Amino acid sequence: MADHKPHTSHEEHLREQHLMLDPMPRGKMNEMVMESMHTTSWKFWLVFGLLSALVAYALFYKWGVMILEGLGVAGVNRPSYWGIFLVNTVFWIGISHAGTFISAILRVFKAEFRRPFTRAAELMTTFGLIQAGFSIFMHMGRVWLSYWLMPIPNERQLWPNFHSPLSWDLLAITTYLLSSTMYLFLPLIPDLAMARDRTPDGTWQKVFYRVLALGFRGTEGEWTHLRNALNIFAFAIIPVMFSVHTIVSWDFAMATRPGWNSTIFGPYFVIGALHSGMGAVVMVLAVVRGTMKNMKYFIRPEHFEAIGKLMLIISMSWAYFFFNDYIVQWYGGDKWTKELLHWHEAGPMGWMWFGMLICNVAIPWAILWNKKWRSTPWLIFIVGLLINVGMWFERYIIVPISLTINRMPFTWRLYQPGIEVWLGIGTLAFFILLYMAASRLIPLIPVWEVQEGQMAHSLRKYGRETVVTVSELE
């Protein structure tokens, strides 16, 4: 008995720490997820109402004012013709990369810790791309002419101007939105079928789940087709993810402006997108874990610890690409580029340049190296928030501040935002609002993936040692 107790306590510790080693009956787990969807407090509805009012004010009233009065009410003017609208476009596309990275790349590499939060990340991809599309339309000003961006044959033979970055942004966002939405929907089908079977007849929710579940019954053939489709999409969407943000980076790198004409912008933008996206993922997970019932069983400190490692690695990669780009431009010898780099550090917005480095490099490196710190939900939430603040600063520096310095000093003028501040706040509120609505309509936890992972994991004893084994499920 003396030898048995340490093994038992060690096994209990493993089950407590790791979700895959702490299985529950399938019916109980389904009930927990459904209960988390249906348990709504007055605080939820208060926040929902405030965000709805903010979205109505910013995205309807303020945008309507800009449409009626023109882009003159915004701060975009010579030489900064690109402002917060394009900053938000790049930022939201970057946020959307986390869903593909977590769900597709980690699925390909069979990282088991991804299972309980893949859907939360995939939702962020779809909702982030919606905000990026809104930002593009806001930047256009005359949004009713947006159909000109589409290659639609017409009697006047007007075709999109493929020299315009807007055409390529529309192509990238549309392609990524369609593919990521399909990739979100496929693994959602079994959980929608579960919700359908547990929803009372005669309710609109029953009809909603019945339609979206596509008659899924869980037969062996349906599971085979679903897994094959997911494997195909996982491999296919990865190059789409890289192509989307490299297209966005080429919007800048193909120009001859100081600070933009860089050959490293492609990987630099992709790493930056992952940096902000992973920070947003931990923020969402921390909020979901802290506000929704039963979520502490599914989302545990081990998941924050694993994502914290990825955040630290990505932060180091971002620092490498940033200083690589900076040093090459500094030693390039171009007079105006050096003037721009000096403006970044010592100009009126120099505080933003240093704030970017503190939020993106110093704080993650200071906190995420410690296992206990990166396993603490509220602390890693703060780190993720600061990373996103720093990445927004980075996009602001690249777009309107870099446009301030060009080869014609008589045009230099510091960008002063106008109505676009409210419109940017509106996109953020709409993103949160969509997430809150989704949390009450669909299961945020992919229950079948968690159950599948728990079936594959087991504890085995080899002599005195207890080890974790993972089986291949076909």
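Predicted model: local features only at pLDDT ≥ 70, side-chain atom pairs only at ≥ 80, totals over all residues.
Local features need pLDDT of at least 70 and side-chain atom pairs count only at pLDDT 80 or more, while totals for chains, interfaces and linings use all residues. Residues are numbered from 1 along each chain as its sequence is written, and side-chain values use heavy atoms, with hydrogens and water left out.

View 1. Helices (H or I, at least four residues) and strands (E, at least two) are DSSP runs, numbered from the N terminus. The C-alpha atoms fill a box of roughly 85 × 55 × 40 Å along the principal axes. Of the 474 residues, 55% count as buried. Buried means under 20% relative accessible area, exposed over 50%, and partly exposed in between (1.4 Å probe, protein chains only). Take contacts (heavy atoms within 4.5 Å) between residues at least 6 apart in sequence: 80% join residues at least 24 apart.

**View 2. Helix α2 covers residues 26–38.** Its 13 residues should span 18 Å at 1.5 Å a residue, and its end C-alpha atoms lie 19 Å apart, which agrees. The expected span is 1.5 Å times one less than the number of residues. Which residues of α2 are buried? They are M29, N30, M32, V33, M34, S36 and M37. What covers them includes α7 (189–197), α8 (204–213), α11 (295–298), α17 (420–441) and α18 (447–456).

**View 3. A cis peptide bond joins R78 and P79.** Omega is about 5°. P79 sits in the loop between α3 (42–69) and α4 (84–108).

**View 4. L214 has a positive phi.** The angle is near 60°, in a residue other than glycine. L214 belongs to the loop between α8 and α9 (220–253). The residue is exposed, with a relative accessible area of 58%.

**View 5. N294 also has a positive phi.** Here phi is near 70°, again in a residue other than glycine. N294 lies in the loop between α10 (265–291) and α11. Is N294 buried, partly exposed or exposed? N294 is partly exposed, at a relative accessible area of 22%.
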